Amino acid sequence: MIKSWIAYDIKELEKKKLLSSAKNLYKSKILSEEQWGKIKENYTSKLYSPSIFIRVLFFILTLIGLSTISGPLALILSINDFEDLRIAFLLFGVVFITVTDFVLIQKNHHYLSGVTEAGIYIGLSFIAFGVLASEPNNMLIYPLVGFILSSIAAVRYLNLLGLVATFLFFGWILFQLCITIGGIMEALIPFVFMFVFGLTYWSCTKLEKKLTSVVFEDAFIVAKTLSLFIVYLAGNYYVVRELSIELMNLHLAEGEDIPFAFLFYVFTVLVPIAYLYFGIKKRSLLFIRTSLLTLALSVITLKYYFSLGMPMLTITLSGAILIIISFLIFRYLRQVQHGFTSEKLLHDKWSSQDLTAIIASQTLGGNKVPTTENDTTFKGGEFGGGGAGSNW
Amino acid sequence: MNNIYKELFQNDHIDKKQYELLDAIRTSKLISLYYELRLALYLGIMLFTGGVGYFAYQNIGEIGHLISMVFIGVVIIAGFYFIQKIAKPYDNLEVTVPKPYFDYLLLLVSLLIISLLAYIQVYFDLVELLVNWSSFISTAIFMFMAYRYDNRALLAMGITTLAAAVGISVSPIDWAKGEWLSSTNLYVIGLFLGAFLVVAGQLSQHKNIKAHFRFTYQNFGLLLYYIGCLSALFDSNVPYFYMFLLLVSAGALSYYTWNTKEFLFFLYSNISFYIAFTYLVFSILENFRGAEILLIYYFPVTCISYIVILITKKSHFSND
């Protein structure tokens with residue numbers, strides 16, 4: 001049923017996915033030139049996706065073009081009062097979405113062309129503005145509208161950023177509900193989040209068995225990772241403490257601690273370790289990756305509250321330890337151990353030596369000579385916006 | 001389609017052996033920790049070399065400083081021992097070393113050499129003496145390591161330190177001449193250095209000396225060149241000169257990179273050209289009374305019509 005909600009032609013999309021993973025296999029030197037050539041011939045897809053940089057160019061151009069269009073439109077329609085403007089925004093949001101959907105996606109088979117993403121984002125933001133500019137009193141309406149609109153992007157257009165936004169709005173709704181109920185629920189918010197997003201993870205694994213097409217693979221990876229990550233964050237001491245102070249006006253006197261503080265320390269330490277354990281035991285890269293990320297966050301959290309007063313020594317030592325550990329694991333996994341290896345099996349589509357070079361030069365720098373006043377003048381900058389900047 | 005590898009296997013696009021390997025990867029029977037380990041290694045290097053450099057400024061006593069300098073030295077020597085053991089001899093073509101951590105070992109050793117150098121400068125009070133040279137020395141070290149062991153990350157770092165070196169070594173002259181010059185010079189330098197890097201990239205491909213370094217050279221070169229031009233456009237007192245320069249160079253490069261299908265450079269050139277073009281249009285319209293109304297239409301009309309033009313050429317940049 002879900003398949004009929006999707007704007008794209010599933011058959012074509014599957015071919016596209018197959019083609020791109022076959023290309024990856026060819027780059028990983030698993031497929032021969034001849035095999036790759038044959039596959040390319042057999043699975044040509046009608047879908048149109050330009051190379052990544054053209055996509056960025058399209059995205060930027062569409063973003064500028066559509067977001068500045070309201071000026072001339074307001075002029076032509078001679079809109080004077082706010083209410084008219086609101087309706088105009090709503091209308092044009094719908095028009096943008098419809099044009100993107102029918103003309104670009106269905107008729108011209110655009111898929112991740114940059115224009116489609118920008119069209120969807122701008123269209124949905126216009127609609128959101130049109131709906132919410134009347135400033136409804138009920139705080140629940142804001143995340144609810146956001147949730148509905150972003151889930152349209154996530155489901156109908158298989159947009160991953162939309163999926164992330166859907167999750168965040170869902171979290172906001174949950175938070176708002178707990179606040180509205182008040183009382184004991186406010187104190188239980190972290191546990192509610194852990195439970196609900198644990199449930200989301202579980203339902204993702206169930207749903208994944210039903211929606212087996214390769215088209216949904218990325219979406220499930222994002223959804224599951226986000227669920228695990230939110231479960232961790234809900235139990236992270238720093239997050240709980242700071243959000244209690246910021247959002248729920250908790251006042252902590254000197255030497256006072258948040259309720260259940262001990263429990264949150266335990267979560268901060270144990271959740272990443274549990275993820276790592278599951279990751280190795282269930283042989284899941286998703287768990288392993290999430291555990292590494294959360295482990296790093298836990299270390300930072302604990303350092304933040306229990307500093308030894310020697311930050312530089314800590315940094316240097318932890319760096320040295322990391323280098324040694326990863327080097328030893330590299331050596332240990334030269335031969336396959338229980339199915340784990342340190343050899344590169346498949347080429348990652350995001351890894352390129354040119355990209356690594358840019359990142360390394362921007363993060364490591366290396367120029368630690370004290371006179372660096374002009375140092376920053378020339379450092380890179382302006383890397384074309386990355387195509388992920390949306391305003392909702 | 002649920003399983004891409006199965007589909008390929010059933011249609012005879014891959015053989016049984018290939019399918020078995022791919023299926024093992026798909027079902028997590030075989031898991032590669034290559035990227036995770038490399039990320040951890042990278043983080044470790046970042047923390048370690050970042051931390052080590054700051055000991056020079058901390059009060060850890062005479063002996064403490066000596067010990068840490070000797071320690072860094074020992075790590076460098078040990079690192080070089082490993083590098084020599086694994087490395088292959090120099091060649092003008094691309095040289096790949098099959099060890100998955102070799103490039104990070106190079107990175108670590110090079111960064112430690114720079115740290116040690118900085119340490120020695122601070123410790124022996126040589127900072128003022130070497131103020132103009134330390135960045136050049138770093139550049140030379142990075143460049144040597146980059147070419148000798150064929151590493152693009154080190155090349156990129158060499159280029160960034162070179163930019164810093166040129167910027168720094170010029171500023172003392174600026175102070176002597178008066179402050180207004182400093183900023184002008186900086187973007188002129190950026191512009192020339194950028195152009196120089198682009199040419200260097202072109203040469204390395206032409207002469208076939210590490211031809212795969214071309215992208216790194218030209219990426220930094222073009223960024224420096226365009227940023228230099230654009231800041232000059234808004235900052236200098238001869239904006240029309242820079243506008244003209246941008247229109248010609250960015251226009252020509254847009255055309256050229258369109259034909260060679262180097263779309264990142266096409267993107268840079270397009271954005272720069274568009275800004276220069278917008279500058280031109282706005283400065284022309286400024287002279288006509290009542291023309292402001294046209295400015296409202298400028299962005300939507302230009303952007304959308306350019307998209308339409310590009311989309312009609314879609315077969316040119318289809319991505320398979």
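## A walk through the two-chain model

Leaving aside neighbours within four places in sequence, L107(B) is in contact with A360(A), I45(B), A153(B) and L154(B).

**The cores.** L107(B) belongs to the largest nonpolar core, which has 145 residues. Together with I45(B), L154(B), C229(B) and L267(B), L107(B) touches the most other members of that core. Helix α5 of chain B, residues 102-123, gives the core its largest share, 14 residues. Another core, of twelve residues, lies apart from this one, and among its members are L19(A), L25(A), I14(B) and L22(B).

**Where the chains meet.** How many residues does each chain bring to the contact? Chain A brings 89 residues and chain B brings 86. On the side of chain A that touches chain B, the elements that supply at least two residues each include α2 (10-27), α14 (285-305), β1 (340-341) and α16 (353-363). The largest share of that side, twelve residues, is supplied by α15(A). Sorted by class, the residues on this side of chain A look like this:

| Class, side of chain A touching chain B | Number of residues |
|---|---|
| Nonpolar | 42 residues |
| Polar | 32 residues |

β1(A) runs parallel to strand β1 of chain B, residues 31-32, and two bridges join them.

**A helix to look at in chain A.** Helix α9 of chain A covers residues 160-181. Several residues of α9(A) are buried, namely G162(A), L163(A), A165(A), T166(A), F167(A) and F169(A). The buried residues of this helix pack against α8 (141-156) and α11 (217-235) of chain A. Just after α9(A) comes G182(A), which takes a positive phi of about 70 degrees.

**How confident is the prediction?** For chain A the mean pLDDT is 83, and 92% of its residues reach 70 or more. One stretch to treat separately is residues 366-392 of chain A, where the pLDDT is below 50. Beyond near neighbours in sequence, this stretch has 60 contacts in the model.

Key:
Residues numbered from 1 in each chain as written. Chains lettered and ligands numbered in written order. Predicted model: local features only at pLDDT ≥ 70, side-chain atom pairs only at ≥ 80, totals over all residues. Contact = placed C-beta atoms within 7 Å. Helix = DSSP H or I, 4+ residues; strand = E, 2+ residues; numbered from the N terminus. Nonpolar A, V, L, I, M, F, W, Y, C, P; charged D, E, K, R; others polar. Pairing = 2+ DSSP bridges. Expected span 1.5 Å × (residues − 1). Buried ≥ 20, exposed ≤ 12 C-beta atoms within 10 Å, placed from the backbone. pLDDT = per-residue confidence, 0-100. Core = buried A, V, L, I, M, F, W, Y, C linked by C-beta atoms within 7 Å.
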